[in-house]
Amino acid sequence: MEQTREVSAGRQPHWVGEGDLSNVYQEICANIRATDEVSLKLLAAVPLVTGVGIVLLMRAPAGKIPDAAIVLLSIFAALVTFGVYRWERKNMVNCRHFRQWAATLERHFYGLHPEEVESAPVVLPHARIQAPRSFGLEWTKTEALQLLYGAAILGWLSAGLYALL
């Protein structure tokens with residue numbers, strides 16, 4: 001039989017306040033670190049692989065690789081890059097979910113209230129931090145990913161188009 005977490009008016013669920021949530025918090029923090037680590041590796045690998053792949057395709061001696069093969073490889077690489085981008089966006093959603101849970105535990109389980117301490121930072125350790133602005137726009141990881149993956153996909157498609165010309 002599946003447990004339900006429905007709450008009747010004015011009552012907290014039976015699981016609130018039971019047990020030690022320190023292990024849960026540690027696991028959430030480990031998941032945040034893991035998703036960030038994967039993201040950083042992809043941020044390094046995608047431009048490197050794209051740049052090297054395009055250079056190798058374009059520097060091949062004339063006629064060595066048929067133009068049709070270059071076009072197909074370029075389209076394939078663009079699709080793979082788009083697939084990795086979509087996976088990375090899902091990774092960001094997971095990380096945001098973990099950060100929200102961590103912030104909830106920090107506030108309600110650990111009782112952290114930075115607004116009550118004069119020398120404390122303005123937000124909780126896992127709360128949203130205001131991103132820097134560039135050219136009047138807030139520049140977050142989302143915008144950086146869109147630029148990076150968009151440039152990589154455009155690069156692959158341009159290589160294929162170049163082969164056709």
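Q: Is Asn91 buried or exposed?
A: Asn91 is buried, since its relative accessible area is 6% and the cut-off for buried is under 20%. Keep in mind that this is a predicted model.

Q: Okay, and where is Asn91 found?
A: Asn91 sits in helix 2, which covers residues 67-108.

Q: Which residues does Asn91 touch, skipping those up to four places away in sequence?
A: Thr35, Val38 and Ser39.

Q: Zooming out, how many helices and strands does the protein have?
A: Three helices and two strands. From the N terminus on, they run α-α-β-β-α.

Q: What's in the largest nonpolar core?
A: That core has 10 residues: Ile54, Leu57, Ile70, Val71, Ala77, Ala78, Ile153, Trp156, Ala159 and Ala163. Helix 1 (22-59), helix 2 and helix 3 (141-164) each give two or more residues to this core.

Q: Take Ile70 from that list. What is Ile70 in contact with, leaving aside neighbours within four places in sequence?
A: Ile70 contacts Leu57, Met58, Ile65, Ala159, Gly160 and Ala163. Of those, Leu57, Ala159 and Ala163 are also core members.

Q: New topic: what share of the protein's residues count as buried?
A: 28% of the 165 residues.

Q: And what about the surface?
A: The protein exposes about 12000 Å², and 64% of that comes from carbon and sulfur atoms.

Methods:
Residues are numbered from 1 along each chain as its sequence is written. This is a predicted model: local features need pLDDT of at least 70, side-chain atom pairs count only at pLDDT 80 or more; totals for chains, interfaces and linings use all residues. Side-chain values use heavy atoms; hydrogens and water are left out. Helices (H or I, at least four residues) and strands (E, at least two) are DSSP runs, numbered from the N terminus. Buried means under 20% relative accessible area, exposed over 50%, partly exposed in between (1.4 Å probe, protein chains only). Contact means heavy atoms within 4.5 Å. A nonpolar core is a set of buried Ala, Val, Leu, Ile, Met, Phe, Trp, Tyr and Cys residues joined through side-chain atoms within 4.5 Å. Accessible areas come from the Shrake-Rupley method with a 1.4 Å probe; for residues, only the protein chains shown count as cover.
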